[in-house]
Amino acid sequence: MDWNPEQKSRLFYQTRQRRPLLDRAEGVYLWDVNGKRYLDAASGAMVSNIGHSNPRVIEAMRRQMERSTFGYRLHFENEPAERLAATIASLSPPGHEKVFFVSGGSEAVESCLKLARQYTIAAGQGERWRVISRSPSYHGSTLGALALTGYQPLTAPFTPMLREMPKIPSPRCYLDRDDLSEDERGLYYAELLRQKIIELGPETVLAFIMEPVGGASTGALVAPDVYYGRISEICDEFGVLLIYDEVMSGVGRTGKFLAAEHWNIAPDIVALAKGFGAGYAALGAMIAHDDIVNAVLDSGGFQHGHTYAGNPLACAAGLAVVQEIIENDLMAHTEQVGAQLKAELEKLMSRYPFIGDVRGKGLLLAFETVADRRTMEPLPPEWMVYHKLVEYAYERGLIIYSRRTRDGIAGDHFMICPPMITTVDQLGEILEPLKASLDELAAELNLPVSRSVP
Ligand SMILES: Cc1ncc(COP(=O)(O)O)c(C=O)c1O
C-alpha cells in the first residue's frame, strides 16, 4: 500500500503531536527528511548512550543476523547471550553472577519483583510481599512496575487496577527549607524507610526499590552520600531485599557501570535497560546475587519469562555496546564531560534566576525552573514551561527532555543527557541553543534575565 509522509498517521502514542520524519542518525546527531540536523542532548529518552550508527555495533549485528536472529531460550543457548552475561556480571558487585535478559526497563523491573518474591517464598517467608518504593519515581509502564511508580498522571487512571505499593518520599533535599546539614537530611530521608517498614510490619516487607540517580520523574535526583549506605543497612536489618532500578542510570551513564558504585553499594538485584541496548536493540537485564537465584532455581525454578529474552541479535548488539564503552574508556570520559556540562549549567543560574536547581551525575543531568529560588515555588503549571522550552529548543535543532517535577502535576525540569561520546567541543552546540531557548522563554513569560551575565 502506498504511503507518503503528508498523509494522516495511523500511529498513535501519547498525543496527536506530529514530528518530522527521521532520515538518518550518526554520532550525537539526527537528521529529518528535510535535511534539518538535531543534536540529541537527551539521547532519545536517555537511551542512545554511545550515539547513533556506531560501526562496531552495526557490524556485530550484521554478523549475528547472518548466523541467526532468534533461537528460543528453551531450545538453544547462544554465544552472544553467554558472553554478554559474563561481561556484565564481571562489571557488577562480587557475587552478582546471575543475569536474566529481557527486552526493556519495565520488563526488567517486573522481573526483579518476581525474583524477589520467589526468593522469599523459597526462604520460607511467603508472608513478605510488600515492595516499598519512593515518590516521585518511575519504574515502568506495566501494571506491576506502575504500582511502584510515584508519578500521579501516569498512575491515576489505573489506581483501581493496581495493587498499590507503599511509598516513602524521595530525598528531594533541594526543596527542604530547614537547618539540617546535608548528612542529617540524608539520614532523615533514610529513616523514613525504617519507619515505613516498622509501620507495615517487617515480616510483610519484601523489598525496597529505588533509582540511585533519579530519572525523568525527579530530574536526575541525587541523594546525600550518607543516604545510600544507611538505606542498605536498614534493608539488611529487616531482611528486606534492596533493588536498584538502574534502567536509566546503569551501563555507564553516570560515569560508572552501575551508579551503585559511586557509593560502594551492592544491591541484591539490579534492573538495566535503556543504554544497555543503546537504541540498537530492545534489551534489558536483571542482575542478581548468586544466592538469590540459586535458592529460586533449587526450589523448582523461576516462574517468569518473556519470549524475546536473550535473543542472539539483541545480545550481540548489547555486547558490542558494552565493549565500545569499555574499550573507549567512555565511563571516564562521561565523568569528565559530565562534570564540565554540569558546571556550565550551573553558570546559567546567574543569567536565569528562574533556574532553581541543577543536579545529576555524569551525563545524567537536569535543571529545574522555579518562580522563586528562595522558596523553590514552581512556575504556574498552566504556563506549560516544561513543554514550551522543549519546543523552543527543538526548533533550534536541540533535543532535550522534560517532565513535571512535583509529582507530575506542577514544576518543570529538563534532562540534559547527551550521549556518552559527546566531546567537550560539542558542549557549546548544546549550551548556545539552550540559552537562546531560555531567552525566548523568558521573553514570552516575562521572566527575569540578568543581561549583564553572558
Ligand atoms: C528508572 C526507570 N525504570 C524503568 C523504566 C521503564 O523502562 P521501559 O520504558 O524500557 O519499559 C524507565 C523508563 O524511563 C526508567 O527510567
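A cavity is a set of grid points where a 1.4 Å probe fits but cannot get out. In the predicted model described here, the structure holds one cavity of 30 Å³ or more. The space in this largest cavity amounts to about 40 Å³. Its lining is formed by Arg 134, Pro 136, Ser 137, His 139, Ser 170, Ile 209, Met 210, Glu 211, Gly 214 and Thr 218. Sorted by class, this lining comprises three nonpolar, five polar and two charged residues.

Pro 136, which lines the cavity, is joined to Ser 135 by a cis peptide bond, with omega at about 0°. Most residues other than glycine have a negative phi, and most peptide bonds are trans. Pro 136 belongs to the loop that connects strand E5 with helix H5 (143–148). Arg 134, likewise a lining residue, has Ile 168 of strand E6 as its bridge partner. The strands concerned, E5 (residues 130–135) and E6, run parallel and are joined by three bridges.

Strands E5 and E6 are members of an open sheet of seven strands, in the order E4-E10-E9-E8-E7-E5-E6, where the pairing is mixed. The edges of this sheet are formed by E4 and E6 (167–169), each of which pairs on one side only. From one strand to the next, the twist averages 20°. Although Lys 274 is not a glycine, its phi is positive, at about 35°.

Strands E4 and E10 also contribute to an open space. The second largest pocket has a volume of about 700 Å³. Two or more residues of its lining come from each of helix H3 (79–90), strand E4 (98–102), strand E10 (284–288) and helix H9 (290–298). The pocket is lined by 24 residues, and those nearest its centre are Arg 73, Glu 82, Val 99, Phe 100 and Phe 101. The lining consists of 16 nonpolar, three polar and five charged residues.

E1 (residues 22–26) and E2 run antiparallel and are joined by four bridges. In this pairing, Ala 25 has Leu 30 of E2 as its bridge partner. The two strands form a hairpin with two residues between them, and Gly 27 in the turn has a positive phi of about 60°. E2 (residues 29–32) pairs in turn with E3 (residues 37–40), in the antiparallel sense and over three bridges. E3 additionally pairs with E13 (residues 398–399), in the parallel sense and over two bridges. In that pairing, Asp 40 is placed opposite Ile 399 of E13.

A further open sheet contains four strands, in the order E11-E12-E15-E14, with antiparallel pairing. Its edge strands are E11 (355–361) and E14 (401–403), each pairing on one side only. Direction ignored, neighbouring strands of this sheet are turned by 20° against each other on average. The pairing of E11 with E12 (residues 364–369) is antiparallel and extends over six bridges. Among the residues paired here, Gly 360 has Leu 365 of E12 as its bridge partner.

Helix packing was examined for H12 and H13. Two packed helices are described by the angle between their axes and the distance between the axes. Helix H12 (residues 385–395) packs against helix H13 (residues 427–445) at an angle of about 130°, and the axes are 9 Å apart. H12 is therefore oblique to H13, since angles over 145 degrees would count as roughly antiparallel and those from 65 to 115 as roughly perpendicular. The crossing in which H12 passes H13 is right-handed.

Technical notes. Residues are numbered from 1 along each chain as its sequence is written. This is a predicted model: local features need pLDDT of at least 70, side-chain atom pairs count only at pLDDT 80 or more; totals for chains, interfaces and linings use all residues. Side-chain values use heavy atoms; hydrogens and water are left out. Two strands pair if DSSP finds at least two bridges between them. On a 1 Å grid over the protein atoms alone, a cavity is a set of points where a 1.4 Å probe fits but cannot get out, and a pocket is an open set with protein on both sides within 12 Å along at least five of seven lines; lining residues have an atom within 4 Å of a point. Grid points are joined across faces, edges and corners, and a volume is the space filled by probe spheres set on the points. Ala, Val, Leu, Ile, Met, Phe, Trp, Tyr, Cys and Pro count as nonpolar, Asp, Glu, Lys and Arg as charged, and the others, Gly among them, as polar. Axes are lines fitted to C-alpha atoms, for helices over the stretch in contact, and angles run from 0 to 180 degrees between N-to-C directions. Angles under 35 degrees count as roughly parallel, over 145 as roughly antiparallel, 65 to 115 as roughly perpendicular and the rest as oblique. A crossing is left-handed if the near helix is turned anticlockwise from the far one by less than a right angle, and right-handed if clockwise.
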